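Below are a few friendly points to look at while you have the coordinates open.

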Amino acid sequence: MFATLKKMLFSNGQSYKNWVSDIEKENFFFKKESEKEALHLLTVNRLIDFMLESDVEKNASQTANEWIDKDEVHIRENNDFDCTIDYFMSPVPKEPMKPLQDGEPAFATVSKYIEEMVPSKSEMNKKMAELKNRINNELKKELTLCANQKGGIGYAMDVLGAINDQVKAFLLEMHDEIKIKNEINLPKEEQDLRDRCAMLANGNRDASTKGTLLKKIVKEAEDIVVCKREIMRRHYAITFFIWLQNLLQEAAYTVRKTGSLLDYLRQSNNQQLARIASNKAEGVNIGAKELGLNDFIATLKEESVLSLEGETIEEVKNRFNKFAEEGLVK
């Protein structure tokens with residue numbers, strides 16, 4: 001999905017290089033009365049070209065891994081890391097079960113303990129909301145850093161794809177784990193508990209045998225609690241990662257739309273440049289002026305290139321035109 005989006009983003013814009021080729025090295029010839037217009041259009045396009053550059057030296061996979069593992073994110077779920085499921089809860093309950101006493105209603109007592117040691121949905125939903133809010137904010141920060149640099153649009157898309165690949169690996173591992181615990185481990189432990197409670201209820205046992213059975217029932221109840229907690233924390237982690245996949249798709253749309261707006265403006269400028277182009281003998285030699293990307297970003301909402309996604313093409317065009325006009329005066 002992310003590779004497809006990036007391909008769509010850059011495929012429509014490649015033709016501009018057939019016309020305005022290697023702006024860093026070449027100047028172009030335009031009609032004498034169109035010098036100012038040509039300089040303005042070339043300067044805007046040079047800035048856009050810098051933003052849409054396709055060759056980026058940074059490694060998107062490394063960036064994705066570093067983001068996943070940073071303290072403010074910390075959601076890795078493979079390579080012996082259980083960061084997300086540990087965030088939701090520990091597999092071990094907050095307290096062990098008290099020893100069962102002879103004559104105590106064993107099944108009712110252990111059932112109550114099991115219920116108390118498994119967190120409520122409201123507790124888990126609160127933790128889920130906190131995690132989603134934190135990750136949403138951290139992803140926005142990371143994408144802003146990625147996009148606000150040379151070739152940032154394609155780089156941001158690559159980083160999103162690399163994060164998504166990791167999330168798919170996390171989900172695959174957790175689906176396998178929860179299946180084993182939910183379909184094999186838990187049914188066996190619950191059956192063992194029922195069997196031992198039935199044996200205790202049958203009576204006809206000496207004190208030593210009864211004491212051993214009571215200990216086994218307690219141990220089985222504790223094992224069931226651990227298994228239920230293991231299942232629940234994976235269930236919520238899986239729910240979270242499915243949400244994150246959707247968030248990544250939404251972010252990819254934002255990146256792609258931003259790139260499309262920039263490329264549309266670039267193509268529109270190229271059409272105007274073609275209209276005022278001239279041959280070498282009759283034209284004026286003009287080259288683009290280089291304006292600082294960071295200076296342009298400072299004029300944007302939240303100082304983010306991706307904020308352009310929320311604007312119309314006319315608004316984006318006006319932003320670039322105003323910035324170029326001010327920069328060309330200096």
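This is a predicted model: local features need pLDDT of at least 70, side-chain atom pairs count only at pLDDT 80 or more; totals for chains, interfaces and linings use all residues.

1. Asp80 belongs to the loop between α4 and α5. Its backbone also deserves a glance: phi is positive, about 70 degrees, although Asp80 is not a glycine.

2. Please look at Asn79 as well. Here too phi takes a positive value, near 55 degrees, in a residue other than glycine. Asn79 sits in the loop that runs between α4 (60–69) and α5 (83–88). Is Asn79 buried or exposed? With a relative accessible area of 56%, Asn79 is exposed, since exposed means over 50%.

3. Now turn to Tyr87, and to what lies over its ring. The charged end of Lys127 sits over the ring of Tyr87, at 4.6 Å from the centre. Arg134 lies over the face of Tyr87 too, with a distance of 5.6 Å from the ring centre. I would display Tyr87 together with Lys127 and Arg134 in one view.

4. Last, the aromatic side chains. How many aromatic pairs are there? The count comes to 7, taking rings as a pair when their centres lie within 6.5 Å. Which residues do ring pairs link into a cluster? They are Phe170, Phe240, Phe241 and Trp243.

Technical notes:
Residues are numbered from 1 along each chain as its sequence is written. Side-chain values use heavy atoms; hydrogens and water are left out. Helices (H or I, at least four residues) and strands (E, at least two) are DSSP runs, numbered from the N terminus. Buried means under 20% relative accessible area, exposed over 50%, partly exposed in between (1.4 Å probe, protein chains only). Rings of Phe, Tyr and Trp (its six-membered ring) pair if their centres lie within 6.5 Å; planes under 30 degrees apart count as stacked, over 60 as edge-to-face and the rest as tilted. A charge sits over a ring if NZ of Lys or CZ of Arg is within 6 Å of the ring centre and within 35 degrees of the ring normal.
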